[in-house]
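Visitor: I am new to protein models and would like to learn what the labels rest on. Could you show me one?

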Amino acid sequence: MSESQQEVIFDFLQSDDAFIPVSMAAPIKTLFRGNPGLDLEELQRVINQWTEASKAVSKPENGADTESEAELEGENTEVSFKDLQSYFKDEIPDEIRDKVQSLFIKWQEAGSPENFEIKSKA
């Protein structure tokens, strides 16, 4: 993804309660590939549509869950920008963006596995 596309994602993540599940990383990359000029507003609209569609699929018309909440939570990891900032307490947004970008690159180099783990050397 280009730097400007990454900035659109970064701007999206700075919104209150914004998140991108790991399971949506590949579809978002494909989305940007098909529409290189995708802006923040369009990204928000698409992610909202995907989120609503996901909710509709996980709940049948009778309102019962098709899977337990724990199983659903295991499928997607949601991280808001505020949560992300808690991992980078002494860094400015540009530094956070650079580190997250670096992590995405390492994730891609690992073959984009769904069970990718990040371990701290604290």
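Visitor: What makes Leu 84 count as buried or exposed?

Guide: Buried means under 20% relative accessible area, exposed means over 50%, and partly exposed lies in between, with a 1.4 Å probe and protein chains only. Leu 84 has 13% relative accessibility, so Leu 84 counts as buried. Its place is in helix α5, residues 81-87.

Visitor: What should I know about the model itself?

Guide: This is a predicted model, where local features need pLDDT of at least 70, side-chain atom pairs count only at pLDDT 80 or more, and totals for chains, interfaces and linings use all residues. Residues are numbered from 1 along each chain as its sequence is written, and side-chain values use heavy atoms, with hydrogens and water left out.

Visitor: Why is Gln 101 called partly exposed?

Guide: Gln 101 has a relative accessible area of 26%. The in-between class runs from 20% to 50%, so Gln 101 is partly exposed. This residue lies in helix α6. Gln 101 and Gln 6 are 95 residues apart in sequence, with their C-alpha atoms 7.8 Å apart in space.

Visitor: How do you know how many helices the chain has?

Guide: Helices are DSSP runs of H or I with at least four residues, strands are runs of E with at least two, and both are numbered from the N terminus. By that rule the chain comes to 6 helices and 0 strands.

Visitor: What span is expected for helix α6, and what does the helix reach?

Guide: The expected span is 1.5 Å times one less than the number of residues. Helix α6, residues 93-109, has 17 residues and reaches 24 Å from its first C-alpha to its last, close to the 24 Å expected.

Visitor: Which residues of α6 are buried, and why do they line one face?

Guide: They are Ile 96, Arg 97, Val 100 and Trp 107. Seen down the axis of α6, the buried residues fall within an arc of 100 degrees (the arc of directions from the helix axis to the C-beta atoms), so they line one face of the helix.

Visitor: Where is confidence lowest and where is it highest?

Guide: pLDDT is the predictor's confidence in each residue, from 0 to 100. Helix α4 (residues 69-75) is lowest, at a mean of 45, and helix α1 (residues 3-13) is highest, at 90. Over residues 65-74 the pLDDT is below 50. Where pLDDT is low, the predicted coordinates should not be read in detail.

Key
Contact means heavy atoms within 4.5 Å.
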